[in-house]
Amino acid sequence: MVVTVRSLGLTGVSGYEVMVECALSGGLPAFDVVGLPDAAVRESRERVRSAIKSSGLKFPVSRITVNLAPAALKKEGTVYDLPIFLGILAAAGEIKAPAADAAFLGELSLTGALRPITGMLPMAMAAARQGIRTLYVPAENAAEASLADGVTIYPVPDVQALLRHLRGEEPLAPAPPWTGDSAPVPGPDFSEVMGQENVKRALEIAAAGGHNVLLIGSPGAGKSMLARRLPSILPDMTRQEALASTAIWSVAGLTDARRPLLRQRPFRSPHHTLSAAAMIGGGSIPRPGEVSLAHNGVLFLDELPEFQRDVLEALRQPMEDGEVTIVRSAASVCLPSRFMLVCAMNPCRCGWYGHPSGRCRCTKEQVAKYAGRISGPLLDRIDLHVQVPSVEFEAMRRRETPESSADIKKRADAAREIQRRRFAGTDISCNAQMTPAMVGQFCALDSAGEAILRTAFDRMGLTARSHDRILRLSRTIADLEGETSISAAHIAEAIQYRNTDILKG
């Protein structure tokens, strides 16, 4: 007898349906799992065997064959323990075959308890697309699975409770849709930053338009402190953005039962010793890297020149396309990577070049060599190059409280609302993502602005990419001021943020 139980799997950060086919036949006792299973899937044989015996049921003494279809896709993880368990019992006549519109996910302990799994949200969303109406998941994954619309989620503590439910003896209660606490989690605030008004202005522009930023300054100037406060002025995520980011974090195992949905934009700050695979994603079965974990949020690279050259160069394509394609012999997946890049660096190796104290002893050649670690193509993709000067003593001892993140966020939100109406009906959400055609449509200049841009283009040796990025940036500056057209002042302010000479002190 062959029994089919519906389940789900993962490829990249997307779910797909898996049919677990269980067959019992005569011959010497054996237990085979086919359909390109990895080691964790093959080990499910022992977990399922122990769970059946722990439930007081008899493990069938026959030849058992389990096929995971589609067989051409690699299966990994412990997600198939529960459907294999049910398929064997149904094939042996211990229980009825599960309903055709039900699917099962979960890892089994040797006692039959269900343990949580990773990637629950994308699999639950795939279940809704495949017409699955009821989804049985480990109790700790129920809150996350309930975020998917159109599916009834049943939290399962152990297989005994599931068997009683399927037999109609003691029904399980479906999990209510997770709402959670709507109160924002307190975080670093700009009111804690004394001075640095020019840098705050640059970060406000970046938040308003989704632009990339490079902060350059001596140690202790506040580069990292300022960057870590950027998420506090970014616009709130829409539900669609929150689900997309949460799905990636779920695959990476970063969600939990208490907070299954990301409410705030991701902020990722990897150490400079990470590899290119850790940054971009990889593995024999590709998994998301830092650029994908920062999707819809901020990727902060502190001490930028200390990163390996191949790691930095690998960022160029994801920054342009908003996605990264990982090709392996076993699979090829496309992972989203729409993030704001925020970088911080010292002006030289010792960090004190140009500091008023004059303590730097680096030569001009050493300074140029240190700045040369950042390639021109990468710098060309960063919209704002901002000098972060040392904070003066008077600013540190100032009694009045600086402007809070909430006040700055109101202006950034107003600018984003203008952009939302401007790009309504498209996949574009902010000025930094405008296509070249949109730049020509929404970034028209008057004669004065045209003259300023032409002069800057010739004198600074700007590229076509930097030309368009200046226009996008000036469009954001105009939006912050509520202006419908770009003036000469807007284009002039945007140009000053493209001054790469600050890399030379």
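Strands β3 and β4 run side by side in the parallel sense, joined over 5 bridges; two strands count as paired if DSSP finds at least two bridges between them. Helices (H or I, at least four residues) and strands (E, at least two) are DSSP runs, numbered from the N terminus. One place to look is F31, whose bridge partner in β4 is I64. Strand β4 also pairs with β2 (residues 14–25), this time in the antiparallel sense and over 7 bridges. There, E21 stands opposite N67 of β4. In general, strands of a sheet pair through backbone hydrogen bonds, either parallel or antiparallel.

A word on what you are viewing: this is a predicted model, in which local features need pLDDT of at least 70, side-chain atom pairs count only at pLDDT 80 or more, and totals for chains, interfaces and linings use all residues. Residues are numbered from 1 along each chain as its sequence is written, and side-chain values use heavy atoms, with hydrogens and water left out.

Now let us move on to another sheet. Here 5 strands form an open sheet with parallel pairing, in the order β11-β14-β17-β10-β18. Its edge strands, β11 (267–268) and β18 (384–387), each pair on one side only. Within this sheet, β10 (residues 213–216) and β17 (residues 340–345) share 4 bridges in the parallel sense, and V213 has V342 in β17 as its bridge partner. Helix α7 (residues 197–209) packs on the sheet and touches β10, β17 and β18, where contact means heavy atoms within 4.5 Å. The direction of α7 makes about 165° with that of β18; axes are lines fitted to C-alpha atoms, for helices over the stretch in contact, and angles run from 0 to 180 degrees between N-to-C directions.

Next come the aromatic rings. The structure holds 5 aromatic pairs, meaning rings of Phe, Tyr and Trp (its six-membered ring) whose centres lie within 6.5 Å; planes under 30 degrees apart count as stacked, over 60 as edge-to-face and the rest as tilted. One of these pairs is F31 with F59, which is tilted, at 6.0 Å centre to centre and 40° between the planes. F31 lies in strand β3 (residues 30–34) and F59 in the loop between α2 (44–54) and β4 (63–69), so their pairing ties together parts that are 28 residues apart in sequence.
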